[in-house]
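Here are my notes on the structure you sent over.

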Amino acid sequence: MKKVIYNKFDKHLIETLPRVSFPGRIITIFTKDDVSTAVDYLLNCDILGVDTETKPVFKAGLSYKVSLLQVSTHDTCFLIRLNKTGMTPDIIRFLEDTKVPKVGLSWHDDILGLERREKFKPGYFIDLQNIAPKLGIEDKSLQKLYANIFHMKISKSQRLTNWAADQLRENQKMYAATDAWTCIKLYEEMQRLLKTHDYQLVKVPEPVAPVQAVQDSSEADKTSLSKERIKGV
């Protein structure tokens with residue numbers, strides 16, 4: 001039986017789905033020496049999932065630099081605390097690498113955020129938002145894409161927490177690792193579906209405007225038309 005996917009996934013159904021969590025080991029990186037070791041390890045992998053986190057802003061006029069760069073393999077995720085390590089030469093080496101595919105979502109925005117710390121020439125990055133339309137999927141968010149493809153929920157409860165905190169909580173670490181890891185999962189499954197055509201796309205009907213709204217719109221059109229006639233008199 002072919003996998004059923006939708007051009008748009010109903011956001012109200014996401015809360016009913018089982019939650020997905022990264023199943024591997026999570027390693028937090030605080031020092032420049034550890035960054036070098038982590039980058040050496042990561043650039044020997046076949047594929048990576050990437051994401052960033054920034055301390056949220058709740059007051060106009062404030063802004064913060066990217067605090068965390070998370071990079072995941074299939075079974076290990078490195079959480080690189082950029083607010084502690086800074087943009088070391090090894091991090092630049094990782095970001096400019098052109099050999100290992102690094103999969104993210106809306107990665108252009110992440111690159112802009114990282115470049116606020118230090119300029120670099122982006123290497124081999126793949127954006128899931130460029131692949132989803134090939135399957136007929138119109139949704140852009142990671143949560144909706146994962147719910148659509150795997151029928152599981154990525155929790156977003158930690159998104160607006162303090163990513164520049166001295167110590168990250170365990171649920172923050174799991175959130176960050178899950179976001180990066182699910183990018184790999186989505187990419188590999190999307191590529192499989194594109195190659196095998198083992199899916200059926202269901203187009204969700206556009207919502208129909210309520211009758212009253214249609215009537216109100218019609219009355220507004222009549223009023224506008226009457227005004228135009230008056231102007232022409």
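**Notes on the predicted model**

1. Start with the K3–E189 pair: their side chains form a salt bridge, with 2.8 Å from N to O. K3 sits in strand β1 (residues 3-6) and E189 in helix α7, so this bridge ties together parts that are 186 residues apart in sequence. K3 is partly exposed, at a relative accessible area of 22%, while E189 is buried at 12%. The pair also belongs to a network of salt bridges linking K3, E189, R192 and D198.

2. A word on confidence, as this is a predicted model. Mean pLDDT for the protein chain is 91, and 89% of its residues reach 70 or more. The stretch to treat separately is residues 225-233, where pLDDT stays under 50. For that stretch the model has 0 contacts beyond four places in sequence.

3. Back to charges: the count of salt bridges comes to 12. Another one to look at is E15 with K153, where the closest N and O atoms are 3.5 Å apart. E15 is in the loop between α1 (11-14) and β2 (25-29), and K153 is in the loop between α6 (142-150) and α7, so here the bridge ties together parts that are 138 residues apart in sequence. E15 counts as exposed because its relative accessibility is 57%, whereas K153 is buried at 14%.

4. E170 is exposed, with 59% relative accessibility.

5. Staying with α7 (residues 170-196), have a look at A180. Its relative accessibility is 0%, so A180 counts as buried. The C-alpha atoms of A180 and V50 are separated by 4.8 Å, although the two residues are 130 apart along the chain. Leaving out residues up to four places away in sequence, A180 touches G49, V50, Q70, S72 and C77.

6. What about the cysteines? C77 is buried at 0% relative accessibility, and C183 is buried too, with a relative accessible area of 2%. The disulfide count for the model comes to 0.

7. With 18% relative accessibility, S106 counts as buried. H197, also not a glycine, has a positive phi near 60° and is found in the loop between α7 and β8 (199-202). H197 is exposed, with a relative accessible area of 52%.

8. Last, the surface: V57, L62 and Y64 form a nonpolar patch with about 240 Å² of accessible area together. L62 is placed in the loop between β3 (48-54) and β4 (66-72). Its relative accessibility of 46% is why L62 counts as partly exposed.

Definitions and conventions
Residues numbered from 1 in each chain as written. Predicted model: local features only at pLDDT ≥ 70, side-chain atom pairs only at ≥ 80, totals over all residues. Heavy atoms only, no water. Patch = residues over 30% accessible without salt bridge, like charges linked within 9 Å, V, L, I, M, F, W, Y side chains within 5 Å. Areas by Shrake-Rupley, 256 points an atom, 1.4 Å probe, with all protein chains shown as cover. Salt bridge = Lys/Arg side-chain N within 4 Å of Asp/Glu carboxyl O. Helix = DSSP H or I, 4+ residues; strand = E, 2+ residues; numbered from the N terminus. Buried < 20%, exposed > 50% of the residue type's maximum accessible area, 1.4 Å probe, protein only. Contact = heavy atoms within 4.5 Å. pLDDT = per-residue confidence, 0-100. Disulfide = S-S within 2.5 Å.
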